[in-house]
Amino acid sequence: MPPESPKPFPDMMVKKLLAKTEPEECATHVRRWMSRCISHYKLCLPEAPSYIPKRIIDVGTLASTVVKLIETNGDIERYVCLGHCWGQTRPACITKTTTLARNKHGIAWELLPATFQDAVDFTRRLQLRFLWIDSICIIQDSPDDWQRQSALMADIYGGAYITLCATTSAGDEEGLHLSPIPPFAPHELKAEGPDNKEYDVYVETHPKQGHVDWERRNVEHNLQHSSLMTRGWTFQERLLSPRLVHFGRGEVMWECSELVTCQCFDQAVVALIASEWNRDRCYDFGEDWQTAYSVIPYVSKLAEHFEAQKPKLTLASLRNFIDLITRASIHLKECGNWDRSLSLAHLALKVVQEREFEMGEQYADILMTLSSTYHCIGERARGLQYAQAHFTQRILVEDGKSPVERDDALRAMAYTELSLARLANGEYEEAITLAVQGRILLEETADFIEDVCWPHWADYYHAWSLIGLDKVEEARPIVEDMLEWRRQNVKSHATESIKYAAPFLDALKNALLTNPTFPLHREAYAVQILATVNEKTGRIPEAILNWELALFLYGKTRNDSSFRANQARVKLGEHYGKQGKVKAAREMFNTALQYFPGVKYHKAERARTLFKQGEFLSSAGDLAGAGEARREAEAIFFEIRPEQGRDEPLVLDDFDDIVMIMSR
């Protein structure tokens, strides 16, 4: 569609369709790529000016009409090279012994073929002054000049600031800016929009998914099937030139030692990835594991490219891009890749903060992502900071909508996420108030009324807060009601664990073999909370069965190494030890410590696990192992709390204080 047209089809990918590459739009891309290359790419040649060839074309400026050949006398200056196919004809502007003086005086514009005119114009747009074209800068009928200059080709192309390549032009008369060829040229269709009006819609063949990868292979494919690549000098030009701009049909492509990319990135790539990974803010973005594993590498490359190149995206594409980054960040958090998750989240936050009034939804989403991730890594103060910011932003966004547009599910998220933050910081009464308010909002949604969803997270945080207040039995009905609802509505058999029947595990395993698509992580977490309730009320055998079940379920959801799974392992190690199951206890503690390696996001959990392991080893008679575990636990503790005095020996309460209630 033309850019000034309305968008009658809101779900359709739309981008500006070019009749051919437009000089200033291309130049804008190239200036940005060139600036980044010179400033940041270590593998590319330095910016330092080179000695220019014996002769070069002075193109003047955009306001100038004079083009002339000059003798350089070894002056130092930046210059541009042109790589081109001569074609079947020889233009009148080429330099011979008879035209040398004329070309030094000035070359008439009409004598320049289209490719040379475009090269002159583009050099000016790059704010550069000098251009080297072989047929003008070498005297064509002088064998001596040819011999001398051809011997310097490596220096000429290697010393160029940038090389312009007429990659798809078969001859000098075609120019640099060519139209797309069928089937990639836009085609006009008639279509009726939602408003029942008929529209002229222009469409082009969708790029293959491989283009998303924008590593060398796709651009290389385009280059290898171009006219210029059949020319004998081309290999030398590409090998030696530090930076090349290839003029293709409908777009330009960039090539240097660290980056190969193309102009179509701005809209098509973002839309293409988004079309592969449909998004719904109302649900857990981390659930779609299979799609995520295939898409996230592309999203990561997209983020790296965006951060390096700072492309100018339309608002619609920018929103799409931020949605992708946010979703990838959440998925990476679920996988325990917290550094990368936070890196993507802060990139998105930086972009959105510059346009928060236009991107209120995305701003709220990324604040929630940051809050959730900081909770996962135990940075409770920062988690609370972002949860409060998310609450304010989400309520602001929803209050700004009409009553019909308002989304109570998203509003409830603001309450439940802030409830988690209060819970993590030991503010249990405040956490309960927020969780209850979030549940009330969710009870007003159509999904709850129609019995297709349950307010899981509000109930999780409500139950944990009651446990924190030692109102343990009040937490039991909350968890049991949740599990019963899931048994009735999700067809999961996990709630049979309420019966505490030992044969249940075998029955569940058989059920999973026939239907492996259960959303098990919610069952796992609910069963884990129920285990804590049973432990604190003295029902230890039931608690152990619950933790065993939770651990089994986590293993079926690709969360086998998660914090929650390890919390279950530590509990099982503790209770197996008390039952005299030494081998099983060792296995649980050792596996937990393997997943808590002691890096910055695991320090507190590792310290507490080591302390509990030390207690177990001491009871098992392994005093040497117990002493080693305790010493490491204390060393990590004082890294985290250097201000705490060392006069009194550390006890379990000290280690409980550095982890969240869910780990105690």
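Tutor: Start with Thr115, which is buried, with a relative accessible area of 1%. Buried means under 20% relative accessible area, exposed over 50%, and partly exposed in between (1.4 Å probe, protein chains only). This is a predicted model: local features need pLDDT of at least 70, side-chain atom pairs count only at pLDDT 80 or more, and totals for chains, interfaces and linings use all residues. Residues are numbered from 1 along each chain as its sequence is written, and side-chain values use heavy atoms, with hydrogens and water left out.

Student: Where is the place of Thr115?
Tutor: Thr115 sits in helix α3, residues 114–125. Helices (H or I, at least four residues) and strands (E, at least two) are DSSP runs, numbered from the N terminus.

Student: What does Thr115 touch?
Tutor: Leaving out residues up to four places away in sequence, its contacts include Leu82, His84, Ala166 and Asp172. Contact means heavy atoms within 4.5 Å.

Student: New topic. How many residues has the largest nonpolar core?
Tutor: It has 53 residues, and Leu423, Trp464, Ile529 and Met662 have the most contacts inside it. Such a core is a set of buried Ala, Val, Leu, Ile, Met, Phe, Trp, Tyr and Cys residues joined through side-chain atoms within 4.5 Å.

Student: Which residues does Met662 touch?
Tutor: Among them are Leu420, Tyr525 and Gln567, not counting residues up to four places away in sequence. A second, separate core of 52 residues includes Val59, Leu100, Ile107 and Trp132.

Student: And how many helices and strands in the protein?
Tutor: There are 27 helices and ten strands. Of the 664 residues, 54% count as buried.
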